[in-house]
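Take a look at the model below. The text after it starts with the overall fold and then turns to one strand.

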Amino acid sequence: LLPSLALATLLSYLLQARHLLTYALEAELERRATTDVLTGVANRRHFTEIAEREIDRARRYGNKLSLLMLDIDHFKRINDTYGHAVGDEVLKKLPGVVQPLLRKLDFMGRLGGEEFAIVLVETDGDGAAVVAERLRKGLAAVEVRTLGVQLHFTVSIGCTEVRVNEQAEDLKRALERADEALYKAKDSGRNRVVVG
């Protein structure tokens, strides 16, 4: 009886360990599928899913919703001058500065290259502009020290309130408007916020 009890205990332990390992592997696969490897924020696909869900929620409940698009100014020059390893450190630094300045319900993602986007839940266009300016100032004040290099960088930000009520705007159009505002910010001198 004792050996069979010991065997049952061992089998139970092994099954439990296998279950935990499977759970950990699934969680890791989920993280890799939804997260930008370099910066740790949501990748483009995951950001898009969350943003579309938030637009649907805002429409359903009549809430405000805004989008920000951030682009690191002169990022190509950083890469060309200091190398891609330093450019990568700048990319990694940005979310570490931005996320503490956001609320827990806001959501950030990397769209690609040096371009990031943020969903500001229950925030109108005026509120989005205030948040964007706070992020712009916070990033301009940060010094990146890496690989023997010390540098500052700035961002241009385009922000827009998503038209969830009358026009029933979709994510694609809202991102286009935020992107247009971002390019106006870049064309008008960079290191600034433009509302579109």
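The chain has six helices and seven strands (DSSP runs, H or I of at least four residues for helices, E of at least two for strands, numbered from the N terminus). Along the sequence their order is α-α-β-α-α-β-β-α-β-β-β-α-β. This is a predicted model, where local features need pLDDT of at least 70, side-chain atom pairs count only at pLDDT 80 or more, and totals for chains, interfaces and linings use all residues. Residues are numbered from 1 along each chain as its sequence is written, and side-chain values use heavy atoms, without hydrogens and water.

The C-alpha trace spans about 80 × 50 × 25 Å along its principal axes. Of the 196 residues, 41% are buried (under 20% relative accessible area, 1.4 Å probe, protein chains only).

Now turn to strand 3, residues 115-121. Seven of its seven residues are buried, so strand 3 is largely enclosed by the rest of the structure. Glu115, Ala117, Val119 and Val121 point one way. Phe116, Ile118 and Leu120 point the other way.

Which strands pair with strand 3? Strand 1 (residues 65-72) does, antiparallel, over seven bridges; pairing requires at least two DSSP bridges between two strands. Leu65 has Val121 as its bridge partner in strand 3. Strand 2 (residues 107-112) also runs antiparallel to strand 3, joined by five bridges. Here Met108 is partnered with Ile118. Strand 2 and strand 3 form a hairpin with two residues between the strands, and Gly113 takes a positive phi near 50° there.

Conventions
Buried means under 20% relative accessible area, exposed over 50%, partly exposed in between (1.4 Å probe, protein chains only).
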